[in-house]
Amino acid sequence: MQHLSEQEILRRKSLEELIKLGIDPYPAELFKVNVSSAEILKNYNINKLDYKNVSIAGRIMTRRVMGNASFAEIQDAEGKIQIYIKRDEICPGEDKTLYNTVFKKLLDIGDIIGIEGYVFTTQVGEISIHVSSLKVLCKSLHPLPIVKEKDGQTFDAFEDPEQRYRQRYVDLIVNPAVKDVFIKRTQLVNTMRNYLNNKGYLEVETPILQPIYGGAAARPFKTHHNTLDMPLYMRIANELYLKRLIVGGFDGVYEFSKDFRNEGMSRFHNPEFTQIELYVAYKDYYWMMDLVEEMVEKIAMDLHGTTEVKVGENSINFQRPWKRFTMFEAIQHYTGVDISNMDETQLREAAKNMGVHVDAKLGKGKIIDEMFGEKCEHLLIQPTFITDYPVEMSPLAKKHRSKAGLVERFEAICNGKEICNSFSELNDPIDQRQRFEEQLELGKRGDDEAMVLDEDFLNALEYGMPPTAGLGIGIDRLTMIMTNQHSIQDVLLFPQMKPKK
RNA sequence: GAUUCCGUAGCUCAGCUGGUAGAGCAAUACACUUUUAAUGUAUGGGUCCUGGGUUCGAGUCCCAGCGGGAUCACCA
């Protein structure tokens, strides 16, 4: 038996009382709603005649009882609206039970009711609904956190992160701004989907349970299939499957992919997260940069009506064109050192001079990556493309058409963080096999994030994949920027949490 | 994983050098027919995260654990 607080016991008693009065606290039949709170508040003053007979349902959020008349606020999916309940209006006869007992005593903040009535404006000027009938739709058994508000100031906000994430339903009820973040997240996904569909690309679904995981450097979750009696891995990326589809003759495919990585958690990392990956045949990474600019600019416009987005202290402008730097140019720009022709010994020396600590085991590519990560990335606030990465770090990207040791790869950096990763895809099957073999070597040396060799993927490439541009965008990260949220947990409805006791 | 801060009523938070647990909102009762953080009067409500220890006595001090936040590391 669960432990009940005083208030929870009282609510259960009220529930019993309602039933004794012949009122079903959880009725089965639909309640006809003909308007939303937001629509009334928006349009009532424009056309008052339309709101003589409104029927609306919502949760009781506040109550102000003044004898034989009361005000309350009810909240529906779109917002809150005040209702005015007069005893003799909802109880026209001798029997005043519905008002005196049901409304005043047995109903609580948090209960859901349906009302009918007409809209009017109170003496203080607030658009309200004058209630003519009231129906109980759902009795709530837990007291709701009470958040009060005046002149834009909030009092006693429900803000303990642990409770908010564990009981997101409560968070959504009492913190309307939270709901708005998730509406924007869906708008963001819709904008992308519409944009890509309009270009004629096909949204597809590929396996989440994979016998061989691939497409990224990460540690996977491992699971087991009972009937087949074999291990399966939850995908860390869908890249290799989408490229198989390009081999198969689709010219453009994309997937919003839930990926799973068995790694540490932080305000930027949840064990499961969402990426979109896109592959388009006969294109290269320059072409893909144009697409990213256009699509992300469109997202900003659709969400905010402007390309200018506030993120923390910064104002970020997504208007095209974005700045483009090669990785070497970026390092030269921020450190004054030109590393483009350095060998490994010189690079090690340069890193030391910059104050970048590099492990003796790191190869050339990793040293460059460390320099960029420590000296440049966090300074890139406005959206910027960084291009042409060392080949060692990009086993699935095509070698650069003119620069030895580099690949045709770019990342878009924004607010000091990567928001996408893209390359001209490696379609030379012999080169790809060599790269996988280098990864195997890394794995043997103890790198538990090294890629495994996927023989079937190589087989596909050997049939021939057209030149292809590929792209991955972290949806959670992009949503954080577009909605100005500090933590990934604030853009995931149900972030991963340890069970409580 | 490391460092650091936090955990007290349904919610937001006080609680001093250790001395029987406090406020506002919410709840209960009464009053009040256009209020709005409604108001007035009265009342009830606690496993002080858990387990040890020190002490005559622990919400408070010490140790361990659980959960959470922040920062750092790996990573998207």
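Here are a few friendly notes on the salt bridges in this predicted model.

1. The overall count. The structure contains 36 salt bridges. As a reminder, side chains of opposite charge can pair when their charged atoms come close. The points below pick out some of the pairs.

2. A link between distant parts of the chain. Glu29 and Lys135 form a salt bridge through their side chains, at 3.2 Å from N to O. Glu29 sits in the loop between helix H1 (6–20) and helix H2 (37–43), while Lys135 belongs to strand E5 (residues 127–138), 106 residues apart. Glu29 is partly exposed, because its relative accessibility is 48%. Lys135 is also partly exposed, with a relative accessibility of 29%.

3. A strand tied to a helix. Have a look at Glu203 and Arg193, a salt bridge whose closest N and O atoms are 2.8 Å apart. Glu203 is in strand E8 (residues 202–203) and Arg193 is in helix H7 (residues 176–198), so this pair ties together parts that lie 10 residues apart in sequence. Glu203, at 35% relative accessibility, counts as partly exposed; Arg193, at 25%, counts as partly exposed as well.

4. A buried pair. Arg409 and Glu411 make a salt bridge, with 2.9 Å between the closest N and O atoms. Both Arg409 and Glu411 are buried, which means that each has under 20% relative accessible area.

5. A network. Salt bridges also join Arg164, Arg168, Asp171 and Asp490 into a network. This one is worth a look on your screen, with the side chains of Arg164, Arg168, Asp171 and Asp490 displayed together.

How values were computed: Residues are numbered from 1 along each chain as its sequence is written. Chains are lettered from A and ligands numbered from 1 in the order in which they are written. This is a predicted model: local features need pLDDT of at least 70, side-chain atom pairs count only at pLDDT 80 or more; totals for chains, interfaces and linings use all residues. Side-chain values use heavy atoms; hydrogens and water are left out. A salt bridge is a side-chain nitrogen of Lys or Arg within 4 Å of a carboxyl oxygen of Asp or Glu. Helices (H or I, at least four residues) and strands (E, at least two) are DSSP runs, numbered from the N terminus. Buried means under 20% relative accessible area, exposed over 50%, partly exposed in between (1.4 Å probe, protein chains only).
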